[in-house]
Amino acid sequence: MDIRVLRPDDIPHVQLANITNLPENYFCKYYLYHAMSWPQLSYVAVDVSRPPKTPYDPPKIVGYVLAKMEEDPADGIPHGHITSLSVMRTHRRLGLAEKLMRQSQRAMAETFAAHYVSLHVRVSNQAALHLYRDTLGFKVDKIEEKYYADGENAYSMRMDLGDIKAELRLKEDGEESIGKDEGDAVGDEKGEPEKEKKRLVKVGRQLGVADLVER
């Protein structure tokens, strides 16, 4: 499997995965809005076990995460939001949903300094709840009544990104320390190192072995 950033030419295949698996569907321009506004945050999972037969064959996209940054957060805190997540039934139980989520969350913290990430999930979707709550560490913030078009309630969930941001800071500090001179100065600090004294030596074809020995 290859997990990479969503590209605009992936959108028709992502939309197909969305329509196949989820009741909440979007127009192509909505996916494009995400891809163009926050190109670092949305990812696709591509099955590379069966390479395309020709250069014109599309990639086999078997999962995706569509994400964004909240443009006008009500709490005034920069944070990301997971708009949609889906994996094809033929490729579930491989950990793809978790990998897609973690990649997007890391990009939110690294690129946009997001403090947390939010999402909505149906109260009846036990599989998604297990992923978000038990595997990834999301917590229920509140219940939003009749959030979905069919009238079902949604859990509004969020996950703090402090641990990811701390990990990124440690990595940056480690990279900055590479190449620093932590040893003592070499040579005479008061001036230039003493130059080697020149001496005259004998040269010529008639020299004997004794004349070539260094004294």
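The model is predicted, so local features need pLDDT of at least 70 and side-chain atom pairs count only at pLDDT 80 or more, while totals for chains, interfaces and linings use all residues. Residues are numbered from 1 along each chain as its sequence is written, and side-chain values use heavy atoms, with hydrogens and water left out.

**Whole chain**

Start with a cartoon of the chain, which has six helices and seven strands. Helices (H or I, at least four residues) and strands (E, at least two) are DSSP runs, numbered from the N terminus. Along the sequence the pattern reads β-α-α-β-β-β-α-β-α-β-β-α-α. Of the 215 residues in the chain, 33% are buried; buried means under 20% relative accessible area, exposed over 50%, and partly exposed in between (1.4 Å probe, protein chains only). Contact means heavy atoms within 4.5 Å. Among contacts in the chain between residues at least 6 apart in sequence, 66% join residues at least 24 apart.

**Helix H1**

Select residues 11-21, which form helix H1. Show the side chains of Ile11, Val14, Gln15, Ala17, Asn18 and Asn21, which are buried. Seen down the axis of H1, these residues fall within an arc of 160°, so they line one face of the helix. The arc is that of the directions from the helix axis to the C-beta atoms.

**Helix H2**

Next select residues 28-37, helix H2, where Tyr31, His34 and Ala35 are buried. They cover an arc of only 95° around the axis, which puts them on the same side of H2. Turn to the other side of H2 to find Lys29 and Met36, both exposed. The cover over the buried residues of H2 includes H1, strand E3 (61-69) and strand E4 (79-87).

**Where H1 meets H2**

Keep both helices in view. H1 and H2 pack at an angle of about 120°, with their axes 10 Å apart. That makes H1 oblique to H2, since angles under 35 degrees count as roughly parallel, over 145 as roughly antiparallel, 65 to 115 as roughly perpendicular and the rest as oblique. Axes are lines fitted to C-alpha atoms, for helices over the stretch in contact, and angles run from 0 to 180 degrees between N-to-C directions. For the contact itself, select Ile11, Val14, Gln15 and Asn18 of H1 together with Cys28, Tyr31 and Leu32 of H2.

**Leu6**

Go back to Leu6, in the loop between strand E1 (2-5) and H1. Leu6 is buried, with a relative accessible area of 7%. Leaving out residues up to four places away in sequence, Leu6 touches Val14, Ala35, Ser42, Tyr43, Val44 and Leu66. Draw a C-alpha to C-alpha distance from Leu6 to Pro39: the two are 7.3 Å apart in space and 33 residues apart in sequence.

**Two loops with positive phi**

Select Arg93, in the loop between E4 and helix H3 (96-112). Its phi is near 65°, a positive value in a residue other than glycine. Arg93 counts as exposed, at 86% relative accessibility.

The last stop is Ala113, in the loop between H3 and strand E5 (116-122). Phi of Ala113 is near 55°, again positive in a residue other than glycine. At 38% relative accessibility, Ala113 counts as partly exposed.
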